[in-house]
Amino acid sequence: MKKWVILVILVVFVLIAGCFTKQKPQNELVFWTLQMRDFSGYMENVIANFEKDNPGVKIKWVDIPFSEGEKRTLAAILSDAPPDLVNLNPDFSALLAKKGTLTEISDEDLKQFPREIVDNMKFNGKNYFIPWYATSALTFYNKKLLPNPPKTYNEIFARCHAGVTKPIMMFNFAENDSMLRLLNKYGINSPDNINSQMAIDLYQTLQETYNSGCFPKESLTQTHRESLEKYMAGEVLLFEGGSNFLNMIKENAPQTFAHTGLAPQLTGETGKYNFSMMNFIIPIKSQKQDAALKFALYLTNTDNQLELAKLTNILATNEQALSNEFYTKAPANDPFAQARVLSARQLKNIQPQPFYSNRKEIITLVNNATQKILLKGASIESILDKLKSDWQQGG
């Protein structure tokens, strides 16, 4: 790269960072969220109530688009006046923790959250993240075409080998981290075991299943949205997705909705479920760490979590909120409540996902290797050996 290009980049970075070094009022706590503007009424009400109970604190709320979250947060964190509380995803939070930029949080401060969630989110054995909300996918199946839905991927493979007249599902092998999450359900989640015998056997089965027609050929190229469309059209028997998809099925395919049943997420060898989480972090350079922690725990208390949950399709992370009948009881004629209860129950049996500082690069490596294997581009062993080598080199 030419020296003048590097110089321009450095100047731009300094200017961006400089935006965060301006003096702010002594009692102001700067709070950043990711794309929560649609729920501004809720957020503003929570902030107003907190300020009323804590007259010495004034919250400045800044909402940022998802696409800009990591870039703007990194610039702010490296400045001398970062925001005091930031909403991020766990992987990027782990990268910041690795750089030593986050405040450590005690187990005692996180006692309002289930141990399964807290332990899953530790980085190097320490707490840096405050859970905010979660999601956990379910299995939607056509009761008319598939009366007894499979509970595991292995059951799908067995049914495929026994012969099927219609593709069971369209798994999106090359979309985002779908394949990385599937591997994680088998405990395959690092370069140490990506070319293990279990991984070889799993990929062999996936290759046979894909080439048998049990997964549509488009599984290698199409997206989750197109999987949903195939399910709504009755072209596949089941679909995995968040509870928010239930309303889309009802609105766009009422006949399919009438025959849709709900089951837990498909599992692998671990018997555990994947989930996604959003959390808060407190920069170590924040001058209001105590107030930031107090506000984060206020945002995630039982009442505030339940109120947010009733406005959205998210799962609370507060233990008492998850014990509320909102998450434990569902009328037999209310599939939306059933989806919520099933999803919440899965948070008690979650599969830890390693933090990857270079997650995007690893996803690309895994997806490319998967495509080659399913298309029989080379031997499975050689492809996975190369994947291991590339992964070890940091993607």
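This is a predicted model: local features need pLDDT of at least 70, side-chain atom pairs count only at pLDDT 80 or more; totals for chains, interfaces and linings use all residues.
**Notebook: salt bridges and cavities**

I started with aspartate 107 and lysine 122, whose side chains meet in a salt bridge at 2.9 Å, N to O. The two sit in distant parts of the chain, 15 residues apart: aspartate 107 in the loop between helix H4 (90-98) and helix H5 (115-120), lysine 122 in the loop between H5 and strand E4 (130-135). My cut-off for a salt bridge is a side-chain nitrogen of Lys or Arg within 4 Å of a carboxyl oxygen of Asp or Glu. Helices (H or I, at least four residues) and strands (E, at least two) are DSSP runs, numbered from the N terminus.

Residues are numbered from 1 along each chain as its sequence is written, and side-chain values use heavy atoms, with hydrogens and water left out.

Next I looked up accessibility (buried is under 20% relative accessible area, exposed over 50%, partly exposed in between; 1.4 Å probe, protein chains only). Aspartate 107 is partly exposed at 39%, and lysine 122 is partly exposed at 22%.

I then went to glutamate 218 and lysine 230, which form a salt bridge at 3.1 Å, N to O. Glutamate 218 lies in the loop between helix H8 (197-211) and helix H9 (224-232), and lysine 230 is in helix H9, 12 residues apart. Glutamate 218 is partly exposed at 27%, but lysine 230 is buried at 12%. I also found one network of salt bridges with shared partners, joining Asp91, Asp177, Arg181 and Arg359.

Within it, aspartate 177 and arginine 181 have their closest N and O atoms 3.0 Å apart, and both residues are buried. In total I get 16 salt bridges.

On a 1 Å grid over the protein atoms alone, a cavity is a set of points where a 1.4 Å probe fits but cannot get out, and lining residues have an atom within 4 Å of a point. Volume is the space filled by probe spheres set on the points, which are joined across faces, edges and corners. I found two cavities of 30 Å³ or more.

The largest has a volume of about 40 Å³, and its lining includes Arg181 and Arg359. Helix H7 (residues 178-184) gives the largest share of that lining, three residues.

Key
On a 1 Å grid over the protein atoms alone, a cavity is a set of points where a 1.4 Å probe fits but cannot get out, and a pocket is an open set with protein on both sides within 12 Å along at least five of seven lines; lining residues have an atom within 4 Å of a point.
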